[in-house]
Amino acid sequence: QLSAHVADLIAAGEVVERPASVVKELIENAIDAGAKNITVEIQNGGMTFLRVTDDGCGIADEDAETAFLRHATSKIRKQEDLEAIHTLGFRGEALAATAAVSHIDLITKTADAPLGTSLHLDGGVVTEHEQVGCPNGTTILVRNLFYNTPARMKFMKRDATEGSAVFSAVQKQAMAHPEISFRFIKDGTQELHTAGDGELMSAIYAIFGRNDAQNMLPVQSHWEKTSISGFVSRPTATRGTRAYQQFYVNGRYVKNRLLSSALEEAYKNQIMVGRFPACVLHITVPETSVDVNVHPAKTEVKFLSEKDVFDCIHYGVLSALNKASGRVAMELPKKPAAQNPPLPVSGKPYTPPKPATPPAKPVLKQDFFRTMSAEEYRSLQTVLDDKPAAPVKKETVKAFYDLPAKTEAPAPAKIEAPAPMIAAPAPVQSVQLREPEQQALPMEEVSYRIIGEAFDTYIIVEQGKTLLLIDKHAAHERILFEKLKAQKLEIMSQVLLEPILCSLAKEEAAAVLENTALLEKLGYFCEDFGDGTVILRRIPADILISDAEASLSALAGQLLSGKQTSLDSVRDELLHTIACKAATKAGYHSEPRDRERLVQEVLSRDDLKYCPHGRPICITLSEKQLEKQFKRV
Ligand code: ADP
Ligand code: MG
């Protein structure tokens, strides 16, 4: 049998890996103690000095020494308690483990005790115990972590690295508990202070900063016994890693692949491959349907019903994304121009100064953020599935690519001159005399005016008090992508009167020829001509003949990069490529008529928000914004 000391050191190794894990445990204890304010202070990355102060229930004098014994916990008594754990701690290990490898000072007082308790421990052994005057709550100061375990000490990284791991641990707890105010002080400087007002957005705002917070959309949904709430990033504000995906299950930060996949599923075809959405999502499940006991550090969980959890997140996020407008507000300097410092004389682009004081916390209106529940969303889906895919609301709009080439729409003739005394049928020609603005025949719900097009790329539209800039390539690409996707099985192809000989790179040709069956489903019929040359006999109807070879080579590139595995995702990726190739190019001149159709389509459909790669289709500039820039207000 191991000596108590050795057993403690081994146990300590499991729970206390680095300063950040100590901080996590101490914060969890403070939360379990019902604290409203928690302050974490560190020096030297937490290695020499690490103090956590709370205003929780405190520890009674007679329990203080016990709390540092192994398997000493006040949170669980019998076997049945394990079935439904409501507290963050329950193993009774953290204090013992931390104490075993450091010098500790504890000062604590319960509300009903006249005096508090002060304890000092060295390597887990109590060396001082006295009564002191102190405020209610608990302060634990950990000094010289791992002073007696040099092997562990060697694994510690630079102070800066350990310090940011601690910071990240505090941030996670702050987002897990928006009802608690957290402060983090590093080497004497306050790095974080959350409001503790119960609003998750307040915590996100303090942690992510104004810009990122504004790029997040609220999510709220429930499905069976699972419910989720929180925020996810707009498809235009994704990240290069999954590090910004924060999931909390019943208030506990967790890592879980299932949760990430469910989130990412909702962003399919809206963001680029290799980009990841960010989120702060709270998942609430019955205590009995989740096992948090699978890992000593407790960041891994097992769900009883993985499918319910997956669906709840997937549909909840999807509904939030569908609800949100895809329009991105143009970013302008915040202060009116004259108050800005003079423009630099040469070279460097001008960057607006950051506001000196953080702006007031955003006010959140609860019902404004309520989105469809997964249940509502699903019932809507089943209704939609029965019908052919159609825009949800404005059925009257016909896809512009389906319209006959020339539509001389019989708009009501506007009579400018005083009406003649004798009514005569208006001559047909008068229709052609209409002003261009009147030709746009806005629908009842969507009224707008096309002002023009800049750089043969951005269509400028006035709608109410807002100017819209529509990227015509991005818009067209999305429209085509949706259309191609709707052609469920096979994509319409056109037979080429003269087959095209495409000379591809050897491996491209090989990839094409290995996948002829798949390519046929996409509308490409190809044969081997030998030596890297492929004969194209048919191409998708939407692709211009002049783009045929380039699009095939792009598809070959896709196939070669071969990360996708499921047929569905390969197909989606290939459809992206086809849509991109077939879409009107930016920088090419468009006819006013095509422009009008595109605008009509974009403004009347709900599903056109981002191009299939996640670039926005529409950017807005409000009258207010302009007025501010011109110093009218
Ligand atoms: P656990 O949290 O698993 O119970 P710990 O070793 O973390 O085990 O803590 C042991 C006990 O010490 C807790 O059960 C609790 O009763 C007490 N305790 C620890 N930290 C605090 C605190 N900040 N406020 C009040 N009580 C605390
Ligand atoms: Mg604990």
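Let me start with one contact: Glu507, Glu508, Ala511 and Val512 of helix α14 touch Leu552, Ser553, Ala556, Leu559 and Leu560 of helix α16. By residue type, this contact consists of six nonpolar residues, one polar and two charged. Keep in mind that this is a predicted model.

Now the geometry. Helix α14 spans residues 506-514 and helix α16 spans residues 548-561. Their axes lie 9 Å apart, and the packing angle is about 85°. An angle from 65 to 115 degrees counts as roughly perpendicular, so α14 is roughly perpendicular to α16.

Next, α14 by itself. Which of its residues are buried? They are Glu508, Ala509, Ala511 and Val512. Around the helix axis these residues take up an arc of only 160°, so they sit on the same side of α14. On the other side, Lys506 and Glu514 are exposed.

To finish, the chain as a whole. The protein chain has 19 helices and 23 strands. There are 633 residues, and 44% of them count as buried. Taking contacts between residues at least 6 apart in sequence, 70% join residues at least 24 apart.

How values were computed:
Residues numbered from 1 in each chain as written. Chains lettered and ligands numbered in written order. Predicted model: local features only at pLDDT ≥ 70, side-chain atom pairs only at ≥ 80, totals over all residues. Heavy atoms only, no water. Helix = DSSP H or I, 4+ residues; strand = E, 2+ residues; numbered from the N terminus. Buried < 20%, exposed > 50% of the residue type's maximum accessible area, 1.4 Å probe, protein only. Contact = heavy atoms within 4.5 Å. Axes fitted to C-alpha atoms, helices over the stretch in contact; angles between N-to-C directions. Parallel < 35°, antiparallel > 145°, perpendicular 65-115°, else oblique. Nonpolar A, V, L, I, M, F, W, Y, C, P; charged D, E, K, R; others polar. Arc of directions from axis to C-beta.
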